Amino acid sequence: MSDHTLQVAGLTKSYNAGKPNQVNVLQGVSLDVAPGEVVALVAPSGAGKSTLLHVAGLLDTPDSGTVMIEGTNMTHLSDRKRTAVRRATVGFIYQFHHLLPEFTALENIVLPQLANGAGDKQAQARAMALLERVGIAERAAHRPAALSGGEQQRVAFCRALANEPSLLLADEPTGNLDPETSDRVFDALMTLVRDTGLAAVIATHNLELAARMDRQVRLNAGVLETL
């Protein structure tokens, strides 16, 4: 068993390969993340941080290099197996919450559990426990339109952790919030991560938030640098 939840090594990724306008987004990127570790991924817009998160989270495939999750090489798995691993092992959070508007906060957290084979009572109990952890259990029956931006993002955090993943990947999770709300929501996210002991990579432009994580790396011109 690996000591690291996530290990990516030598990742390369280009778009428009072989054409004059080829863009080399990742150029030999390597990164290890241990259980319970929170890594800040700092990068300017367009530097490729979303691409790195998508490759690490099995939403995209690299041109070369390897992705290992919990010691297993995921690079050459079939699409079906990648989907199964992603559903059970990886949680994603985005800048925009992407909640399903026709469902309540509770239901948005229950649905991914049902898709992963959980029973309804079990899924509802876990969803409510997660909402309690982030301090909005009283909003469980509200639909997204009735929630504030900060509340919506907290529900998105809970949804990402619904299936008890070992790896969390977050792309500017507070980037759409005002500074005060961003700070409170980030605290809620860090509490969830610390309580569950999962490995996390959080992309952010906010250097103050980045400084509160365990370590920082920067993606610059396709190369990953330790700060």
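User: In this predicted model, which exposed residues does the face of α4 turned away from its buried side carry?

Analyst: An α-helix has 3.6 residues a turn, so residues three or four places apart point the same way. In this structure, the face of α4 turned away from the buried side carries the exposed residues Lys121 and Gln122, whereas Ala123, Arg126, Ala127, Leu130 and Leu131 of α4 are buried.

User: What covers the buried residues of α4?

Analyst: The cover includes α3 (105–115), α5 (149–160) and α6.

User: How should I read strand β7, and why is it described as largely enclosed by the rest of the structure?

Analyst: Burial can be read residue by residue and then face by face. In β7 (residues 167–171), 5 of the 5 residues are buried, so the strand is largely enclosed by the rest of the structure. Leu167, Leu169 and Asp171 are buried on one side of β7, and Leu168 and Ala170 are buried on the other, so that both faces are covered.

User: Which strands pair with β7, and in what sense?

Analyst: Strand β6 (residues 90–93) pairs with β7 in the parallel sense over 4 bridges, and Gly91 has Leu168 of β7 as its bridge partner. Strand β8 (residues 199–204) also runs parallel to β7, joined to it by 5 bridges, with Leu167 standing opposite Ala199 in β8. From β7 the chain crosses through helix α6 (residues 179–196) to β8, in a β-α-β crossover that is right-handed.

Conventions: Residues are numbered from 1 along each chain as its sequence is written. This is a predicted model: local features need pLDDT of at least 70, side-chain atom pairs count only at pLDDT 80 or more; totals for chains, interfaces and linings use all residues. Side-chain values use heavy atoms; hydrogens and water are left out. Buried means under 20% relative accessible area, exposed over 50%, partly exposed in between (1.4 Å probe, protein chains only). Helices (H or I, at least four residues) and strands (E, at least two) are DSSP runs, numbered from the N terminus. Two strands pair if DSSP finds at least two bridges between them. A crossover is right-handed if, with the strands pointing away from the viewer, the path from the first strand over the helix to the second runs clockwise. Contact means heavy atoms within 4.5 Å.
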